[in-house]
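This report describes a single structure, shown below.

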Amino acid sequence: MKKHSLRLLFALALLSLANCDYKTPVWEYFPNMYDSPAREAQEADIFSPNGQASRIPPHGAIPIGYYPYPYANVPSQDSLPGGDKGLKNPITKASLGDLMIGEKRYQTYCTPCHGVRGAGNGTVVGPAPRFSQSPPALVGSLVNSKSYTDGQIYHIITMGRGGMGSYAYQIEPEDRWRVIAYIRKLQAFEANNQKSSQAN
Ligand code: HEC
C-alpha cells in the first residue's frame with residue numbers, strides 16, 4: 001500500500017513537471033468553456049430566436065465608451081430643466097491640461113465660424129454668400145453665451161443649433177466640458193480687454 005501511494009505521488013509529480021515546458025496545458029480538464037462554438041456574424045445559428053448568429057442587443061444596452069445624453073429630445077437650450085439648465089459641469093476647476101485640450105478642440109472645430117478668440121469672425125465668415133447666417137460672437141458683454149450656463153452650451157455643442165451642426169461625434173463628452181472651460185477663459189480675456197480699453 002505504501003509503495004503504491006509513493007508511485008502515485010511520483011506519477012503525479014511527473015505529470016505536473018511534464019506540463020512545465022508548455023505554454024498551453026497539454027491536458028485540459030473540462031475544456032468546454034475554452035472551446036465554445038463561436039459563430040461568424042453572418043452565419044446561421046439554430047439557437048438564436050431568428051436563426052441569425054448576430055443577436056440584437058438587449059433593450060437599453062449601451063456601447064462601451066458611449067454616454068447617452070439625457071436631454072437629446074429637448075428642442076432648445078432655453079427649455080432645459082433645473083437650475084443648471086441641463087447637465088452640471090463635472091470640471092469645477094479647470095487645470096492647465098484641461099484648458100490646453102479645450103483650446104485644441106476649440107481651435108479645430110469652432111474657430112472656422114466663431115473665430116480664434118470667439119468674436120464671431122471665423123474664416124467662413126465673409127462677404128455673402130460665403131455663409132448665409134453669421135455665427136454669433138461667443139465673447140463680449142452682450143452675447144447670449146455669457147449668460148448661458150455650461151449645461152446650455154454643452155447642449156448646443158451636443159445637439160447643434162440652426163446653422164451649426166452637432167459636434168457630438170467629433171468631441172468626446174469630457175472634452176466638450178473642456179471646450180466650455182476654454183470659452184469661459186476667452187470671455188474673461190475679452191472682458192479684461194474691454195475694461196482696460198475703457199480705462200485708457
Ligand atoms: C459651421 C459654423 C459653426 C461652427 C463650426 C460652430 N458653430 Fe456655434 N454657431 C454657429 C451658428 C450659425 C450659430 C447660431 C445658431 C442659431 O442661433 O440658430 C451658433 C451658435 C452657437 C452658440 C450659441 C450662441 C448664442 O448667442 O446663442 C454657441 C455657444 C456655440 N455656437 C458654440 C460653438 C462651439 C463651442 C463650437 C465648436 C465645438 C461651435 N459653436 C462651432 C455656427 C457654428
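## Two residues of one loop

Ile46 is placed in the loop between helix 1 and helix 2; helices are DSSP runs of H or I with at least four residues, strands are runs of E with at least two, and both are numbered from the N terminus. The model is a predicted one, in which local features need pLDDT of at least 70, side-chain atom pairs count only at pLDDT 80 or more, and totals for chains, interfaces and linings use all residues. Residue numbers start from 1 along each chain as its sequence is written.

Ile46 counts as exposed because it has 6 C-beta neighbours inside 10 Å.

Lys85 counts as buried because it has 21 C-beta neighbours inside 10 Å. Although Lys85 is not a glycine, its phi is positive, at about 50 degrees.

Helix 6 has 27 residues, which at 1.5 Å a residue should span 39 Å, and its end C-alpha atoms are 40 Å apart, in agreement. The expected span is 1.5 Å times one less than the number of residues. Buried residues of helix 6 include Trp177, Ile180, Leu186 and Glu190. The buried residues of this helix pack against helix 2, helix 4 and helix 5, where contact means C-beta atoms, placed from the backbone, within 7 Å.

The axes of helix 2 (residues 96–109) and helix 6 (residues 173–199) come within 7 Å and cross at roughly 90 degrees. Axes are lines fitted to C-alpha atoms, for helices over the stretch in contact, and angles run from 0 to 180 degrees between N-to-C directions. Helix 2 and helix 6 are therefore roughly perpendicular, a term for angles of 65 to 115 degrees. Among the residues making the contact are Leu99 and Tyr106 of helix 2 and Val179 and Tyr182 of helix 6.

## Around the ligand

The ligand has 22 residues around it, of which Cys110, Cys113, Asn144, Gly162 and Met164 come nearest; a residue is near if its C-beta atom, placed from the backbone, lies within 6 Å. Helix 3 (111–114), helix 4 (144–147) and helix 5 (150–159) each supply at least two residues of this shell.

Conventions:
Angles under 35 degrees count as roughly parallel, over 145 as roughly antiparallel, 65 to 115 as roughly perpendicular and the rest as oblique. Two residues are in contact if their C-beta atoms, placed from the backbone, lie within 7 Å. A residue is buried if 20 or more other C-beta atoms lie within 10 Å of its own, exposed if 12 or fewer, and partly exposed in between; C-beta atoms are placed from the backbone.
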